[in-house]
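Biologist: Show me how to read a model like this one. Start with charged pairs, please.

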Amino acid sequence: MIERYTLPEMGRVFSDAHKYELWCRVETLVLEAHAAAGTVPADVVEPVRAAPPPTPERVAEIEAVTQHDVIAFLTAWADNTEPRDAAAWVHFGMTSSDLLDTALAAQLVEATDILLAKADTLVAALRDHALEHRHTLRVGRTHGIHGEPDVWGHRVADFAFGMARSRDRLRRAREAVGVMAISGPVGTYSNIDPAVESYVAEHLGLRPADVSTQVVLRDGISEWVSCLAIMATVCEAVALEVRHGQRTEVRELWEPFGKGQKGSSAMPHKKNPIMSERICGMARNVRAQIVPVMEGIPLWHERDISHSSTERISLPDAAIATDYLLNLTTRLVTGLVVDTGRMRANLDSTHGLIYSSTVVSELIETGASREDVYALVQTAAMRTWDTQAPFRDTLRAEAAARGVTLDEARLDEVCRPERFVRRLDTVFDRLKDLS
């Protein structure tokens, strides 16, 4: 992921420097386990543990010759080991994927913990915003057309629960991705005892794979990326709602617009939903990683490396982009400007058409057939669309033409926006308990 969208903490997790720190950690733990079992000399452990990780530059220099990243790393690290002979026991009984998959599991768990913390923050922001606007009347829209009265907090509550579910999926995926293997060439433990694998897993907080070939099957990593994609897309759903709400014709919502901010190089009046648009665009990048990573599940026999080049791009990009999205969506929600007056004006802008469903129900209760009632109300509603006359006037005229008596007092009572949202307390009671 380019620097523009990389936040420091997540960028550090996926830096080459940190990767080599993790590689050193894995190799040292393996060496400790071997030494404890008497497989390697005990006196080599401390020199290896004390050797500083090689620099990315030095590893790259050696890899330019060897064309093998793990060998380049081992050589560069050996150069930092005193005495260098101690490094001869590093990687004993292992194959490259033992190191790569184990360190990757640790790396993805670290990234997940960062994402989970930010998801918690976003869930809380959405919850609090929804509760703040539990009584803010607005029109609910279906197909982009005014439907029935609603409250803004109801819409945001949906996002809050959606993000909470996304967070909980990622918690489960943390277990799926925190799986390692140190089982040697083709995964048969031919040159390494399974006890070594268990020792390393315990110290890294990971779980040994139930079975591995030379690699850990990529279904767990695919699950993890899919969870990130869902989380990113929930962020997009929030942003898309803001984009619609900030359209000039709607003007119910506004992104935060800072002092000195400019909306357009040509039109000084512009206040564009650039944060929301960026969220929608970035979510596409996260979703785009699902298929490449999933295609790493089927490999040739016990192992090939067709997944490797994909994952070097897709896994950091998915995590870094999701991290950025969570951060930006939280900023959007906490800084969002809600024009409650405009919401009420829009609710009233169709001259009462939003009460048509209530009118249908009321007239059915008088004993008329649903078909006749629907025809009456729809005819009156279409006349209001065409003439902008108040719906109650066109309804009254159409009812009179058909010989139907209206209970005006009863219609006054049911054609109130508050009546439509009176049962939402149950939703908001659930929302209060969301954490």
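Biologist: With which residue does Arg287 form a salt bridge?

Modeller: First the general idea. Side chains of opposite charge can pair when their charged atoms come close. The rule here asks for a side-chain nitrogen of Lys or Arg within 4 Å of a carboxyl oxygen of Asp or Glu. Arg287 meets that rule with Glu236, the closest N and O atoms being 2.7 Å apart. Arg287 sits in helix H10 (residues 274-287) and Glu236 in helix H9 (residues 219-246), so this pair links distant parts of the chain, 51 residues apart. Helices here are DSSP runs of H or I with at least four residues, strands are runs of E with at least two, and both are numbered from the N terminus.

Biologist: What kind of model is this, and how are residues numbered?

Modeller: This is a predicted model, with residues numbered from 1 along each chain as its sequence is written, and side-chain values use heavy atoms, with hydrogens and water left out. Local features need pLDDT of at least 70 and side-chain atom pairs count only at pLDDT 80 or more, while totals for chains, interfaces and linings use all residues.

Biologist: Arg287 and Glu236: buried or exposed, or in between?

Modeller: Read the relative accessible area: under 20% is buried, over 50% is exposed, and in between is partly exposed (1.4 Å probe, protein chains only). Arg287 has 32%, so Arg287 is partly exposed. Glu236 has 16% and counts as buried. Salt bridges can also share partners: Arg138, Arg141, Arg155, Asp158, Glu241 and Glu252 are joined into one network that way.

Biologist: How many salt bridges does the rule give?

Modeller: The count comes to 37 salt bridges. One of them pairs Lys118 with Asp323, with the closest N and O atoms 2.8 Å apart. Lys118 belongs to helix H6 (residues 96-132) and Asp323 to helix H12 (residues 306-335), so the bridge ties together parts that are 205 residues apart in sequence. Asp323 is buried, at 0% relative accessibility.

Biologist: Which residue does Asp425 meet in a salt bridge?

Modeller: Asp425 meets Arg134, at 3.1 Å from N to O. Asp425 is in helix H19 (residues 425-432), and Arg134 is in the loop between H6 and strand E1 (137-142), so parts 291 residues apart in sequence are tied together. Asp425 is partly exposed at 40%. Arg134, at 18%, counts as buried.

Biologist: Now helices. At what angle do H6 and H9 pack?

Modeller: For H6 and H9 the angle is about 25 degrees, and the axes are 12 Å apart. That makes H6 roughly parallel to H9. The cut-offs are under 35 degrees for roughly parallel, over 145 for roughly antiparallel, 65 to 115 for roughly perpendicular, and oblique for the rest.

Biologist: Which residues of H6 and H9 meet?

Modeller: Contact means heavy atoms within 4.5 Å. On the H6 side, the residues include Leu104, Leu108 and Leu115. On the H9 side, Trp224 and Met231 are among them. The contact divides into 13 nonpolar residues, one polar and no charged. In this scheme Ala, Val, Leu, Ile, Met, Phe, Trp, Tyr, Cys and Pro are nonpolar, Asp, Glu, Lys and Arg are charged, and the others, Gly among them, are polar.

Biologist: How far apart are the axes of H15 and H16?

Modeller: The axes of H15 (residues 370-387) and H16 (residues 391-401) are 8 Å apart, at an angle of about 135 degrees. The two helices are therefore oblique to each other. Leu376 and Arg383 are among the contact residues of H15, and Phe391 and Glu398 among those of H16. Here the contact residues divide into seven nonpolar, three polar and two charged.

Biologist: Last, single residues. Which residues does Glu311 touch?

Modeller: Leave out residues up to four places away in sequence, and Glu311 touches Leu104, Arg218, Ile221 and Pro316. Glu311 is in helix H12 and is buried at 7%.

Biologist: And where is Glu362?

Modeller: Glu362 is in helix H14 (residues 356-364) and is buried, at 10%. Glu362 and Leu411 are 49 residues apart in sequence and 7.8 Å apart in space, C-alpha to C-alpha. Beyond its neighbours within four places, Glu362 is in contact with Arg410, Leu411 and Val414.

Technical notes:
Axes fitted to C-alpha atoms, helices over the stretch in contact; angles between N-to-C directions.
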